[in-house]
Amino acid sequence: MASSLTTFTDEARIALDTLSGRASGLFSPSLRLGVTGLSRAGKTVFISALVHNLIHGGRLPLFEAQKSGRIARAFLEEQPDDAVPRFQYEDHISALVNDRTWPDSTRAISELRLTIEYESASGWNRMFSSGRLSVDIVDYPGEWLLDLPLLGKSFADFSREAFEMAMLPVRADVSQDWRTLSATIDPNADAYEMTARRLAESFAAYLKACKLDERALSTLPPGRFLMPGDLEGSPALTFAPLLLKGEKRPRSGSLQAMMERRYEAYKTHVVKPFFREHITRLDRQIVVIDAMQALNAGPGAMADLERAVTEILSCFRPGRGNFLTDLFSRRIDRILVAATKADHLHHESHDRLQAIVRRLADRAVARANFTGADVDVVAMAAVRATREGTVKQGRETLPVIIGTPLKGEKINGETFDGKAETAIFPGDLPEKIDAVFDVSEADHRQSSDDPAIRFVRFRPPKLERTAEGVTLSLPHIRLDRALQFLIGDHLA
Ligand SMILES: Nc1nc2c(ncn2[C@@H]2O[C@H](COP(=O)(O)OP(=O)(O)OP(=O)(O)O)[C@@H](O)[C@H]2O)c(=O)[nH]1
Ligand SMILES: [Mg+2]
C-alpha cells in the first residue's frame, strides 16, 4: 500500500512539474540543451566558448540572429534547478583566458542558464514572442548515458557481455588481470565484502585503462565506475560481472546473489533517476566526440567510437517500449554530433574531418535504427588554439599550424616548455575515408606507431586586445554553425 502511494504522488508531481513548466514557458520560453560526450571530449570547453562568444558578441557569421544584428544582449541568469551544481563558467573562462590553461575535468552533471534578448526577424513573430529565450545548458558525462542499455539487461546478460567485450583484441591485454582474478572466484561461494571489493576495483581499473591516451577506447558500462560523482565507495558501485556457469538462480547468501542485488540497486538508484530527472527534459542535444584522438589511435579506436555514438543515439530514440518513452514530456528534435579540436588540422582537412564524422554518424544512425530527430554533424573547434601558416621545405611549401604546445608535449624527440610557439605540419587526413574505418588494418596499426596525423596538445590561444584594452572573444572554428543548428530556429 505504502509503496503504491509514493508512486502515485511521484507521478502526480512529475505531471504537475510538467504542467507548471509549460505554463511558465509561455512567459519566458526556455530551451534545454544537453551537452554530452565521453570524458575529455571537450564538453566544458564547448560550453564555455559558446557562452563567452554570445555574451561578448564574438564573430559568429554563420549564426544568423547574431549576423543580422538581432541579438540585443545575452547574459547569465539563475538556473531553474536548485539541486544541480552550477556550471562554473567564470572559473573555466578565467583558466582559458587569463591563465591560458584548459579547464579542469568536471566529471559530473552541471547546469547554466543563458538568456538571450533578441528581435524576431518577422513582424508577425515580433508581435507574439517575448523576444527572450532562456537556454538551459546541461553538461553531463556520456558515460552515464551509456548505462541506459543496462535497464534492459539482467545481471547474467551484463556479465556475459562484459566478458565478451573484454576478450576483443583491443581489450584483451588490459582486461587480463581482471579476467585472471575472476577465473579464481566461485560465484556460488559465500558472499564476502572483500571479494566484492577486490573484483569491483580490478574491473574498474580495467575500464580506466581502456581510456588511456594511447588506447583511446571509449567506455563500457557501468558509467559510474569511471565517473562515480558522489557515489564513490557505495555498495551500488561495489559489484562486478561474474563468470557464471549457466543461468542458474543464485543461492541466497552467495557472492552471485550479492552482486546481482547490487547491480539491480545500481539500475534503480543511479540509472533510472538520472534519466528521469535530466534526460527526459531535454529539447536539443549535442554529442561532442574526440575524433582526432581516435583517428590518431587507428581504426580499432574509430570502430569503438562509432559503437559509443551508436549507443548514445539509441538513448534518444523514443518509442522503443522502454520506461523512458512514457516519461518523455518533451522530445529531442535535433541532435548534433560534433568533432571538436579541428584546430589540430589545417583548414584544408576540415572538410575531410567533417566527412569522416558524417560517415561515422550515418553508420551510427543506421545501426541504432534511429528516427525521430534531425541528426547533423560538424567538424569544429570550440576554442581555436592554433593559427595557420606555410613553411618552405626545399621546393615544397607545406601548410602548417602554429601554436604553443603544452609543457611536456613532444615531437621528434623535442620536448616543449609551454612558452615557445611552434609550427607543426599536422599531416593530412586520407582522401579516401574508408581507410580510417578499415578495422582489418587495425592489427598492423594498433596504436600510434603510424598515426594518420601528428597530434600535439596546444595551450589555449593568447587573446587579442583592442586599443582600449578590451579582450576579444575566444576564437573558434565553426562554433557558429553548431549554434545555428542547435538554437537558431528559436530566434527566428
Ligand atoms: N585545441 C583544442 N583543444 C580542445 C578543444 N576542446 C577541448 N580541447 C582539449 O580537450 C581537453 C578536454 O576538454 P574538456 O572540455 O575539459 O572535456 P570534457 O568533455 O568536459 O571532459 P570531462 O570534464 O573530463 O568529462 C581540454 O583540456 C583540451 O586539451 C578545442 O576546441 N581545441
Ligand atoms: Mg568537463
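Threonine 106 is partly exposed in this predicted model, with a relative accessible area of 32%; partly exposed denotes values between the limits for buried (under 20% relative accessible area) and exposed (over 50%), with a 1.4 Å probe and protein chains only. The OG1 atoms of Thr44 and Thr106 coordinate the magnesium ion (ligand 2) at 2.0 Å. This pair joins distant parts of the chain, 62 residues apart, with threonine 44 in helix H2 (residues 43-55) and threonine 106 in the loop between H4 and E3. Helices (H or I, at least four residues) and strands (E, at least two) are DSSP runs numbered from the N terminus. Donors are N, O and S atoms within 2.8 Å of the metal (3.2 Å for Na, K and Ca), and the site may look incomplete because water is not among the atoms. Threonine 44 is buried, at a relative accessible area of 9%.

The model is predicted, with pLDDT of at least 70 required for local features and 80 or more for side-chain atom pairs, whereas totals for chains, interfaces and linings use all residues. Residues are numbered from 1 along each chain as its sequence is written, chains are lettered from A and ligands numbered from 1 in the order in which they are written, and side-chain values use heavy atoms, without hydrogens and water.

Most residues other than glycine have a negative phi. Arginine 107, in the loop between helix H4 (89-99) and strand E3 (110-118), has a positive phi near 60° and is partly exposed, with a relative accessible area of 38%. A positive phi of about 60° also occurs at arginine 478, located in the loop between helix H16 (434-437) and helix H17 (479-487). Arginine 478 is partly exposed, at 22%.

Histidine 476 lies in the loop between H16 and H17 and is buried, at 14% relative accessibility. Polar atoms of its side chain lie 2.9 Å from the backbone oxygen of arginine 59 and 3.1 Å from the backbone nitrogen of leucine 479. Beyond four places in sequence, histidine 476 is in contact (heavy atoms within 4.5 Å) with Asn53, Arg59, Leu60, Ala381, Ala382 and Arg384.

Helix H10 (residues 193-210) comprises 18 residues and reaches 26 Å from first to last C-alpha, close to the 26 Å expected at 1.5 Å a residue, the expected span being 1.5 Å times one less than the number of residues. Its buried residues, including Leu199, Phe203, Tyr206 and Leu207, pack against helices H7 (155-166), H8 (169-172), H9 (176-183) and H11 (255-277).

Note on methods:
A polar contact is a pair of N or O atoms within 3.5 Å; within protein, one must be able to donate a hydrogen and the other to accept it, and residues adjacent in sequence count only if both atoms are side-chain atoms.
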